Amino acid sequence: MATLRIGTAVLDGVGIARGYLKIGEMPDGRLMQIPVLLGRGAPPGPTLWLHGCVHGNEACGAFVVHRLFRGLDPAALSGTLVALPILNITAFRARQRMSPFEGYAGGDLNRCFPGKVDGTLTEQMAHAIYTELRAHADYFVDLHTAMTADVRWALFANAPAEVGRKAESMARAFGFTSTLPAPMDILAGSAMMTAASDGIPSLIVEAGGKGPAFTAALVAEVVERLQNVMRHVGMLPGPVTEHGPLTYFSNFAWVRAVRGGLFQRAVRCGERLKIGTVLGHYYDLWGQPTGEALSPHAGIVLAINPGPVMTSGETLVHIGLDPREV
Amino acid sequence: MITATTVIRVGTAAASGVGVTRAELRVGDTPDGEVITIPVAIVRGAGEGPVLWLHGCVHGDEYCGAFIIHELLRTVEPARLAGVVVALPILNITASHRGQRMSPFATFGHGDLNRCFPGTPDGAFTDQMAHAIYGELRRWADYFIDFHTALTPDTRWALFANAPGEVGRKAEGMARAFGLKSTLPAPMEILGGSAMMAAAHDGIPSLIVEMGGIGPAFERETVLEGAERLRNVMRHLRMLPEKPTEHGPLTYFSNFAWVNATRGGLFEPAVRCGQRVDKGTLLGRYMSAHGDVLEEVASLHAGIVLAMHPGPTMATGDVLVHIGLDPRET
């Protein structure tokens, strides 16, 4: 069995290994490095690559990876699991989306792939990570968190031919009802689109909320769905759960707030919208209603800003367009 | 007590008749010379009665208080009100803009506004803010309630300044009318510099309410519940005509223990607000970046959980848990 090495994590045979991958250096000269977990079974099988916290404050993914590994029995595994639970470690420490060490624009790691060996900090991080991903991954799942505890949706890179078909089958095995077959011209610089362009079937999962909206119940649910994906690709034994029909979209609309103020949402994730549906209410400093935010699109709520305060330019709502059951 | 002819002036407000006045109070200046003002709403009722003073967002990210006060302001009818409500729903407005506890303009310590009262006119940024607010509070308030928000949506507790004599007894009356089960008659030597303790020392019966969670843990249900409990305090003070609801016995504490984390890591809590803990009860688990359990943390105290860190991450020094000590039903 060939030696599997990612950073300092090294696996010569069957089992589990832990280590770190260097992604940069700190202002004090210490290493900026991220945790790596490897798991390998005896029977041959594909390599599934998982990563979390590409945005530092989206902690759900890290907990999903951790829980998956705590329950992982290499004796029951076919193939290889590679997981990087906390990609943007300095952002994770600061509990924010982007690294506090990123001095220029371009700090969104999920717009920087495949990265650049001599670019900005975030581009160098992306390069260190993506080089390994491209070398090892047969399948890729990227775990994200949105704003509220009720977020449940997924998107796969709808690449031509087999790459897209395999990604779609991962999405079906994962089984979130709201699923976007993502057109290949959106989300440029995401790990998902970069990997799909390199022939790796790729899925993004958006599950749960940030900070105090985090719930352990959701972590357990996502782990079970991931295990179902692993059964589907032949990495775990047992029957694959059929989740039934999904709701597909043509694309999403990412609607930003054009005003600020105290804000209370009027809709929940998964709710159907028409053009003009009230999304939420704005109030002034004295608590007087100052207006409503109306939906500019019909579709399904994928994510909604929970308030209770809003600055102009914040993501107000994320809408799945043209829902159809498939 | 004020009379019908008293003009109540707070900041730019001059409230002279029955109705609602909205105005602003200057609490400082920004580095580019803009005036920093906070919202003030004064509701004068048709009947005579006390002045109830309300604060929200003394810590900028504790938004539940602002929304509870706003809910009251939207529903109170001046024709049915006896006395006056003076509401400052967003005290630390520059901190509120940033979604953080303390103002980004606070430097050199002194950043926790609720440790800076009564304030000083020439102190640090937050001291001057406290001074601008507290001068008005001391001048007008007969009763004072300060609305805070803690970490998780299930937070529900209150504390009143247990001052000697009538001041403490009136504060206790407010706490019972507010009626959150977990209530601390706060010893007068704790929370120095809080608006509650500063006001109680100046003879104003004072209550702090801790309800709901910060950030995405905000829930509309908390706001509606808080506003109804606030209305019940106003019934108790005879500012509203209905008979107050009796909430039954409360659980009092001797004090609270504020336990800070002595290690960091990914964190999974194991207890909820209102839960009874013994010495040694598991509070939660720390995990490494690889997901290995580093340590289980046990409670150092027996009591009731007042507030709990929800995780999912912890830095050393974060508030791990807030425990009410020596619970007894009264």
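Which domains does the domain assignment of chain B give? In this predicted model, the assignment for chain B gives domain 1 (8-249) and domain 2 (253-329).

**Domains of chain B**
- The centres of domain 1 of chain B and domain 2 of chain B, taken over C-alpha atoms, are separated by 28 Å, and their contact takes 13 residues from domain 1 and 14 residues from domain 2.
- On the side of domain 1 of chain B that touches domain 2 of chain B, strand 8 (156-161) and strand 9 (182-186) of chain B each supply at least two residues.
- By class, that side of domain 1 of chain B has seven nonpolar, three polar and three charged residues.

**Helix packing in chain B**
- Helix 4 (residues 165-178) and helix 6 (residues 220-236) of chain B pack with their axes 8 Å apart and at an angle of about 135°, which makes helix 4 of chain B oblique to helix 6 of chain B.
- The crossing of helix 4 of chain B with helix 6 of chain B is right-handed.
- Gly173(B), Met174(B), Ala177(B) and Phe178(B) of helix 4 meet Arg229(B), Asn232(B), Val233(B) and His236(B) of helix 6, and the residues of this contact divide into four nonpolar, three polar and one charged.

**Contact between chains A and B**
- Chain A and chain B are in a contact that takes 32 residues from chain A and 32 residues from chain B.
- Strand 4 (31-40), helix 1 (60-70) and strand 13 (261-265) of chain A each supply at least two residues of the side of chain A that touches chain B, with the largest share, six residues, coming from helix 1 of chain A.
- The residues on that side of chain A divide into 21 nonpolar, seven polar and four charged.

Notes
Residues are numbered from 1 along each chain as its sequence is written. Chains are lettered from A and ligands numbered from 1 in the order in which they are written. This is a predicted model: local features need pLDDT of at least 70, side-chain atom pairs count only at pLDDT 80 or more; totals for chains, interfaces and linings use all residues. Two residues are in contact if their C-beta atoms, placed from the backbone, lie within 7 Å. Helices (H or I, at least four residues) and strands (E, at least two) are DSSP runs, numbered from the N terminus. Ala, Val, Leu, Ile, Met, Phe, Trp, Tyr, Cys and Pro count as nonpolar, Asp, Glu, Lys and Arg as charged, and the others, Gly among them, as polar. Domain bounds come from an automatic or database domain assignment. Axes are lines fitted to C-alpha atoms, for helices over the stretch in contact, and angles run from 0 to 180 degrees between N-to-C directions. Angles under 35 degrees count as roughly parallel, over 145 as roughly antiparallel, 65 to 115 as roughly perpendicular and the rest as oblique. A crossing is left-handed if the near helix is turned anticlockwise from the far one by less than a right angle, and right-handed if clockwise.
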